[in-house]
Amino acid sequence: MGIGAMGIFDTEAFSSDHSLEKAEWRRKAWSIPDLRGGKRDWFALTLELLTLVGDGQAAELDSYPQVSSVPNVQTWRVYAPFLKGMGLAASQSGALALTETGRAFLREPTRLAFADILQNKVRLFGEVLAIIRHEPATVEEVDGLLHEGYKLDWENLNNTRRRMDWLEVLGLIQNVGGRKWSITETGEEALGRWRLVSPDALMCGDNEKDGAELSDPPPEIAALLQRLAGSPELHSGRCTYNIWAPGPNRIENLRQIIQFASERVERKEFFRLIEKQFNLKESSVESMLPFLKASGLLEEVGRNVYCATGAGLAWLRSGDDVDFIRILHANMKFVGEMIACAEDGVVRNDLYAIAKGYGLNTEKARWIAGFLIEAGLLEETRYLHLKATRAGALMASSLPLEGEPAKTAEAPGTPDDERPEAEAASAGERLFERLLRASCDPAAEGKPSGTAFEEEIAEAFRYMGFDAKRLGGPGNTDVLVRWSDDEGGSFAAVVEGKSKSGGAVHHTDISDVSIDAHMEKNNADFAAVIGPGFSGDTIRNHARKKKIALITAAELAEIAREAHSLGLSVREISTVFVVPDGLSRLFELIAGRRRELDIISEVTAKPYREQEPLGGLSPRDMFLLLRSADVSPSMEELRAAFKTLSQPEIGLLLPVNSTPSEENATYVLYNGERVVNRLRALADAIEKGLVS
């Protein structure tokens, strides 16, 4: 196209009132919910479904609606997320009922009226139409301009294509050949009545600080905050549980997940919906479930039956990211407190140090900061520096906050920060800070362009146990990483470091010809590019096609931190080089290992408190005791935990009653302090031998 994104978005279709545009943006969702069936049938199917809902025909969600517009009819339960996500229907006593929006649409069931509903619910719907109005464009061209204008991190064309599919279905755009689309008269009419959001409105920062406003919380969420304000002792009950949610746009993705549970849903069906929507494995959903419960969004209302909490349902109705943060603050530590700490600006590492006083490690604090940035309550003013936005400052002042935590007295013996593992962790954090700084500063440490970044990349891989060397120079890769697997096989990966002061690597920065030559020269099996970030889908699609792993410096630091903490093997870590899903598989593995440790903690705690009155516990006993706990383990996970803790090398759980069925075998906790001291002494001896 012959004009940049800023030129396209500088039109009369956009309001000059940025505060109105921001309010419009905040109340909308990122995604258009799925509607089963071919796109040519979408409008007719929606009309038929709503007519049946209005006639009271959606009382049994597992039944099939009597529709004629599609050949393969699904159950009401499958169609419900779309109808509810569009605000056309809502749950009422277990059935679907029309909302006022749904009733209004049935009174005027036109395609333009439905386009108005989509525009009112979904971000960047009308904005896509504005791009096409300027000049006929392909899906790829529209997607590129959206990325440029709104600084998106979508990884593929699906989000843009879905919007254009609906614009086509509703008659707002038409195919003009050459894979290009142009606006129709109906599309022109629609743009004339819509308020659009310009990129300038999202980039204008705090020039309008004095006009910043927050919506009032819904009654269900306000009650949570009032209860916390009225009983300060409840702060101690706010949890510090592990956080995990699929990205990008994690708050929006959590909203979709809670939407799946807007009415009672069985665990199997709930997991299936999440797995399909976000292409996750069951183990990943299993790892996320405790967070959903601990955060106050989801509750178990029957055995393996889940439903959104009252607060969660209120958030679904408001659609406001700020309401999610309010719920999170009411249930988890150091949420509003983090905003308060950043009111005058704070370095990330200092913020993470404060988080430790509230019982949160760096990983958990990083997750919370990410949510706050996504909700517009924190902003990254410069590299590694966070500051509360005006809205964030207002938010912090409206929340009941926990005071600064009291420092606990140190137990006799070696202080934690003088232990060898603490020293190693501190050295690791210094390495990660250098790595992140060099990724955005080609001249870091006064060295030739990119040299410091390449050296830190090699050091990070050595920190994880790989044989890594910086090579550099003309005709060779920047870093060569080697390792062996458990069966004696040897592998190598060539790694290109791209330090960019602008914070993003573009597709023109990568030469697959050079990478192929480097792989051949070093007899390498894998290739990767590491940079501060990657811009657009072109580079991702090209890298996927060429089997080149794209890894951000922050991801490498996080992997190294977790690998050291969890003791991951180089074989496990090397999954990061596998394209296309190695990185996500590795983070799933990390989440799984963290969950295993959480379950072991719970399995250890319960016998310690309850084995005397019960005379020992079995995995089945534990399953019943932990059903309502945050971790909520499955029977299979409990059997694995009991097996780990009862093996002779550990000996923490002793069997007292064996049965053919593993889940019914009874165990007692045996001298836990002795076991811990023995294992710590063994670890210290091994470490002493390795460093001597």
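This note sets out numbered points on the structure for a reader new to it.

1. Basis of the note. The model is a predicted one, in which local features need pLDDT of at least 70, side-chain atom pairs count only at pLDDT 80 or more, and totals for chains, interfaces and linings use all residues. Residues are numbered from 1 along each chain as its sequence is written, and side-chain values use heavy atoms, with hydrogens and water left out.

2. Salt bridges overall. Side chains of opposite charge can pair when their charged atoms come close. The structure holds 43 salt bridges, a salt bridge being a side-chain nitrogen of Lys or Arg within 4 Å of a carboxyl oxygen of Asp or Glu. K39, R40, D165 and E168 are joined in a network of such bridges.

3. The pair D34 and R162. These two residues form a salt bridge whose closest N and O atoms are 2.8 Å apart. The pair links distant parts of the chain, 128 residues apart: D34 is in the loop between α2 (18-26) and α3 (42-54), while R162 is in helix α9 (residues 158-169). Helices (H or I, at least four residues) and strands (E, at least two) are DSSP runs, numbered from the N terminus. D34 is partly exposed at 46% relative accessibility, and R162 is partly exposed at 22%. Here buried means under 20% relative accessible area, exposed means over 50%, and partly exposed lies in between (1.4 Å probe, protein chains only).

4. The pair E220 and R317. The side chains of E220 and R317 meet in a salt bridge with an N to O distance of 2.6 Å. E220 belongs to helix α12 (residues 219-230) and R317 to helix α16 (residues 310-318), so the pair ties together parts that are 97 residues apart in sequence. E220 is partly exposed, with a relative accessible area of 30%, whereas R317 is exposed, at 54%.

5. The pair E455 and K447. A salt bridge joins E455 to K447, with 2.5 Å between the closest N and O atoms. E455 is partly exposed at 28% relative accessible area, and K447 is partly exposed at 29%.

6. Aromatic pairs. A search of the whole structure finds 22 aromatic pairs. Rings of Phe, Tyr and Trp (its six-membered ring) pair if their centres lie within 6.5 Å; planes under 30 degrees apart count as stacked, over 60 as edge-to-face and the rest as tilted. One aromatic cluster is formed by W42, F43, F82, F105, F114 and W166.

7. A nonpolar surface patch. L679, L682 and I686 form a nonpolar patch on the surface, with about 260 Å² of accessible area together. Patches are made of residues with over 30% relative accessible area and no salt bridge, like charges being joined within 9 Å and nonpolar side chains (Val, Leu, Ile, Met, Phe, Trp, Tyr) within 5 Å. Accessible areas come from the Shrake-Rupley method with a 1.4 Å probe; for residues, only the protein chains shown count as cover. I686 lies in helix α31 (residues 672-691).

8. Cysteines. The structure holds 0 disulfides, a disulfide being a pair of cysteine sulfur atoms within 2.5 Å. C307 is buried, at 12% relative accessibility, while C341 is partly exposed, at 28%.

9. An open sheet. Three strands form an open sheet in the order β5-β7-β6, with antiparallel pairing. Its edge strands, each pairing on one side only, are β5 (265-266) and β6 (298-302). Two strands pair if DSSP finds at least two bridges between them; β6 and β7 (residues 305-308) pair over 4 bridges. L298 stands opposite A308 in β7.

10. Backbone points to check. Most residues other than glycine have a negative phi, and most peptide bonds are trans. The peptide bond from V579 to P580 is cis, with omega near 15°, and P580 is in the loop between α27 (570-573) and α28 (582-614). N523, which is not a glycine, has a positive phi of about 50°; N523 lies in the loop between α24 and β14 (526-531) and is exposed at 65% relative accessible area. K547 is also not a glycine and has a positive phi of about 60°. K547 is in the loop between α25 (536-545) and β15 (548-552) and is exposed, at 52% relative accessibility.

11. Residue S501. S501 is placed in the loop between β13 (490-497) and α24 (512-522) and is exposed, with a relative accessible area of 62%. The C-alpha atoms of S501 and A443 are 9.4 Å apart, the two residues being 58 residues apart along the chain.
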